[in-house]
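Hello,

Here is the structure I promised to pass on. My notes follow below it.

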Amino acid sequence: MLTIAILAYHNQSPTLLTDECMASIDRQELPEVLVEKMLIDNGSIPPLGSYDGWKVVNLVENLGGIFGQNTCFDFAKYDWVLFVSNDVRFEKDCIRLMWDQRFQGQLMPTILNP
């Protein structure tokens, strides 16, 4: 019922930002619903490879930020989509807590820069 989608682009660069974002999601105490984890590769050169437990969609060209974000929704398996930029890191139970509050209106998590 929930797709967690990350948009990423790399041009001959290390994938550290994306790897850390995915790791923070993999460590989550997720809600007890069906969860799809999806990585949208926004035309990276070279294309991103496969990741265990993640659906990877490789776009043939970089669509930019907004169009890339919208593409996340096009490929999502479920109706509820949590769009995540690849520089986001989650506390252990953040996604579950947001899921529990999903009917309370728009959610805006607190961003901390330690």
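A residue counts as exposed when its relative accessible area is over 50%, and as buried when that area is under 20%. Keep those cut-offs in mind for what follows. Note also that this is a predicted model.

**Surface patch.** F103 has 62% relative accessibility, so it counts as exposed. It sits in the segment after α3. Together with M1 and W80, F103 makes a nonpolar surface patch of about 340 Å².

**Cores.** The largest nonpolar core has 17 residues. I6, I25, L82, F90 and I95 have the most contacts inside it. At least two residues of this core come from each of β1 (2-8), α1 (16-26), β4 (80-85) and α3 (94-100).

What does F90 touch, leaving aside residues up to four places away in sequence? The list is S24, I25, Q28, L82, V84, I95 and M98.

**Helix α1.** T18, C21, M22, S24 and I25 are buried in α1. They cover an arc of only 160 degrees around the axis, so they lie on the same side of α1. The cover over the buried residues of α1 includes β1, β2 (35-41), β4 and α3.

**Salt bridges.** The structure holds 6 of them.

- R89 and E20: the closest N and O atoms are 3.2 Å apart. R89 is in the loop between β4 and α3 and E20 is in helix α1, so the pair ties together parts 69 residues apart in sequence. R89 is partly exposed at 33% relative accessibility, and E20 is partly exposed at 35%.
- D26 and K37: here the closest N and O atoms are 2.7 Å apart. D26 belongs to helix α1 and K37 to strand β2, so this pair ties together parts 11 residues apart in sequence. D26 is partly exposed, with a relative accessible area of 40%. K37 has 18% relative accessibility, so it counts as buried.
- E36 and K55: their side chains meet at 3.4 Å, N to O. The pair links strand β2, which holds E36, with strand β3 (residues 55-58), which holds K55; the two residues are 19 residues apart. E36 counts as buried at 10% relative accessibility, whereas K55 counts as partly exposed at 33%.

There is also a network: D93, R96 and D100 are joined by salt bridges that share partners.

Best regards

Technical notes. Residues are numbered from 1 along each chain as its sequence is written. This is a predicted model: local features need pLDDT of at least 70, side-chain atom pairs count only at pLDDT 80 or more; totals for chains, interfaces and linings use all residues. Side-chain values use heavy atoms; hydrogens and water are left out. A nonpolar core is a set of buried Ala, Val, Leu, Ile, Met, Phe, Trp, Tyr and Cys residues joined through side-chain atoms within 4.5 Å. Buried means under 20% relative accessible area, exposed over 50%, partly exposed in between (1.4 Å probe, protein chains only). Helices (H or I, at least four residues) and strands (E, at least two) are DSSP runs, numbered from the N terminus. Contact means heavy atoms within 4.5 Å. The arc is that of the directions from the helix axis to the C-beta atoms. Patches are made of residues with over 30% relative accessible area and no salt bridge: like charges are joined within 9 Å, nonpolar side chains (Val, Leu, Ile, Met, Phe, Trp, Tyr) within 5 Å. Accessible areas come from the Shrake-Rupley method with a 1.4 Å probe; for residues, only the protein chains shown count as cover. A salt bridge is a side-chain nitrogen of Lys or Arg within 4 Å of a carboxyl oxygen of Asp or Glu.
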